[in-house]
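Here is my note on this structure, arranged as numbered points for someone who is meeting it here. Please read it with the sequence and the model side by side.

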Amino acid sequence: MRILAGKYKNRALVTPPGVVTRPMLTRIRKSLFDILQPYLDRARVLDLFSGTGAEALEAFSRGASFAISVDSDAVALQTAKDNHQKICPQETYRILRGNVITLLPQIAVQNPPFDVISVTPPYGHGLADATLEIIDNNPRLLHEETVIYAQRGFTEEMKLEWTILEHLRTKKYGKTVMEFFMPKETINLTAMKEDR
């Protein structure tokens, strides 16, 4: 697996053995990041259920300036650290081990808003909906042009109607489906942040 485009293009990514992590297929990652490209210049990226950090490192290659990766698997996160040191040690990259559902409200309080938020959990556990619900209830994570993408299996249902988040599009890649969201234009995020 390699970085697909940008300043670190073709740099090889280390992947751990076994099936604990499920790296995004190369063709999906390429299509996804081609869609995200306009939002990545100096972007702040939050990579949830990050695995080996391939998405965060791809974002750095395409112009992102800061990323946080969160996952519960120690081996995957060590691989993310190794990839960071190998490919782009000068980039500002925080790697957090823990439960995304538990850590996400803390991240919302402790950080400025993010430009891109990745939600790519294991399939079949309802984690995408649970994560989107936390994002929808924590406007501090967002600004008016934040892009959120959430991955699901093609047989898995995902809630698309939220209070703050507006569903923009569905992109299908065989058995993988990507749902894209942004804050609704009618929502005053600044006022909501002050209220909370």
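1. With 196 residues, a compact globule would have a radius of gyration near 16 Å, and the protein agrees with this, because its own value is 16 Å. The radius is taken over C-alpha atoms, and the globule rule is 2.2 Å times the number of residues to the power 0.38. Along the principal axes, the C-alpha atoms fill a box of roughly 45 × 40 × 30 Å.

2. A word on the basis of these values: this is a predicted model, in which local features need pLDDT of at least 70 and side-chain atom pairs count only at pLDDT 80 or more, while totals for chains, interfaces and linings use all residues. Residues are numbered from 1 along each chain as its sequence is written, and side-chain values use heavy atoms, with hydrogens and water left out.

3. The secondary structure comprises 6 helices and 7 strands, which follow one another along the sequence as α-β-α-β-α-β-α-β-α-β-β-β-α. Helices (H or I, at least four residues) and strands (E, at least two) are DSSP runs, numbered from the N terminus.

4. Of the 196 residues, 52% count as buried, where buried means under 20% relative accessible area, exposed over 50% and partly exposed in between, with a 1.4 Å probe and protein chains only. Among contacts with a separation of 6 or more, 69% are between residues 24 or more positions apart; a contact here means heavy atoms within 4.5 Å.

5. Strand β2 (residues 66-71) is largely enclosed by the rest of the structure, because 6 of its 6 residues are buried. In a regular strand the side chains alternate between the two faces of the sheet. In β2, Phe66, Ile68 and Val70 are buried on one side, and Ala67, Ser69 and Asp71 are buried on the other. Strand β1 (residues 44-48) runs parallel to β2 and is joined to it by 5 bridges, with valine 45 having alanine 67 of β2 as its bridge partner; two strands pair if DSSP finds at least two bridges between them.

6. Helix α2 (residues 54-61) is mostly covered, with 8 of its 8 residues buried, including Glu55, Glu58 and Phe60. The helix is followed by glycine 63, whose phi is positive, near 120°.

7. Alanine 59 lies in helix α2 and counts as buried because its relative accessibility is 1%. Leaving aside neighbours within four places in sequence, alanine 59 is in contact with Phe33, Leu40, Val45 and Ala64. The C-alpha atoms of alanine 59 and valine 116 are separated by 9.4 Å, although the two residues are 57 residues apart along the chain.
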